[in-house]
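Please look through the sequence and the model below before reading on. The paragraphs after it take up a few regions in turn.

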Amino acid sequence: MEWLQQLINGISLGSIYALIALGYTMVYGIIKLINFAHGEVFMIGAFIGFYAIAGWGLSFFPALLLSMAVCAVIGVVIERIAYKRLRNATRIAALITAIGVSLLIQNGVIYFRGAQPEVYPSVLQNKSFNFLGAQVSSQSILILLVAIVLMIILQFIVHKTKIGKAMRAVSYDSDAARLMGINVDNTISATFAIGSSLAGAAGVVFGIYYTKIDPLMGVIPGLKAFVAAVLGGIGIIPGAMVGGLFLGVVEAIVSALGFSLWRDAVAFVILILILIFKPSGIFGKNSREKV
């Protein structure tokens with residue numbers, strides 16, 4: 001029963017990683033950029049949800065939607081100011097810029113509100129249900145349902161809408177997409193908006209689940225979400241979902257074995273192993289690159 005309990009906990013944690021990883025994998029799939037500021041968007045989403053609930057008295061779902069909307073705008077602003085000018089620059093220049101934006105957001109939040117942590121208000125009734133001897137909390141069920149619904153909506157947007165078709169076209173060949181009349185700049189901005197909104201949702205869910213948030217909270221979850229994206233196959237949306245869930249379950253199992261101090265290290269060990277033995281990820285395919 002304890003193993004089942006840890007599996008349930010791991011799925012809840014993994015669904016948060018999956019929501020963050022989707023932003024990494026969408027942006028990389030379009031412009032081949034690792035947006036390391038994505039973890040800070042996740043942090044901003046958590047604080048927006050906190051102030052919406054504690055300050056304005058909103059319930060969970062309005063706070064979630066508000067956080068997603070604000071983070072979508074922030075994602076577009078980051079893309080237009082920091083990344084748009086670097087479309088034709090080297091990848092290392094874009095990568096360094098992403099790290100710089102991450103540090104700027106972290107220290108900007110600390111400057112304006114201080115570094116002290118906040119405790120998320122209890123906005124949901126947390127009931128426990130017995131499932132085959134394991135205790136399943138209503139919050140865990142809600143987190144999983146929110147993640148699944150958002151992932152289904154994302155799949156619908158990517159495969160059934162006009163902007164989703166434009167994203168896939170730009171991802172495949174941006175120059176050909178531009179020749180076919182697709183506005184590449186707007187498509188990239190829409191990708192940042194969608195990915196950032198998912199990070200904002202993950203921030204609110206994380207705050208509800210773990211109750212404590214702070215301005216540096218996006219660093220470790222952001223890096224682990226990057227590991228999840230690489231594990232599933234960066235640039236592949238289903239891969240980010242599977243990678244996030246897998247990483248969450250592995251961390252829960254490591255904690256159950258009594259090695260909770262090693263749970264962060266295990267994520268990066270997985271990253272090293274996947275880069276050595278299957279750098280394309282679980283769902284990725286090896287492809288030749290003309291140089």
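Predicted model: local features only at pLDDT ≥ 70, side-chain atom pairs only at ≥ 80, totals over all residues.

What follows moves from annotated spans to a helix pair and then to a pocket.

In the model, the span of residues 6-26 is 100% helix and 0% strand, with its end C-alpha atoms 30 Å apart. Residues 188-210 are likewise 100% helix and 0% strand, and there the end C-alpha atoms lie 33 Å apart.

The helix pair comes next. Helix α2, which runs over residues 38-54, and helix α3, which runs over residues 60-83, have axes that come within 9 Å and cross at roughly 145 degrees, and the crossing of α2 and α3 is right-handed. On the α2 side the contact is formed by V41, I44, G45, I48, G49, A52 and I53, which meet A63, L66, S67, V70, C71, I74 and I78 of α3. Sorted by class, the residues of this contact comprise 11 nonpolar and 3 polar, with no charged residue.

The last stop is the second largest pocket, whose volume is about 300 Å³. It is lined by 14 residues, and those closest to its centre are F206, Y210, I220, P221 and K224. Two or more lining residues come from each of α1 (2-31), α8 (184-210), β4 (212-213), α9 (219-232) and α11 (263-277), and among these elements α9 gives the most, with 3 residues. The lining of this pocket consists of 8 nonpolar and 6 charged residues, with no polar ones, whereas the contact of α2 with α3 has no charged residues.

Notes
Residues numbered from 1 in each chain as written. Heavy atoms only, no water. Axes fitted to C-alpha atoms, helices over the stretch in contact; angles between N-to-C directions. Helix = DSSP H or I, 4+ residues; strand = E, 2+ residues; numbered from the N terminus. Left-handed = near helix turned anticlockwise from the far one by under 90°. Contact = heavy atoms within 4.5 Å. Nonpolar A, V, L, I, M, F, W, Y, C, P; charged D, E, K, R; others polar. 1 Å grid on protein atoms, 1.4 Å probe; cavity = no way out; pocket = protein on both sides within 12 Å on 5 of 7 lines; lining within 4 Å. Points joined across faces, edges and corners; volume = space filled by probe spheres on them.
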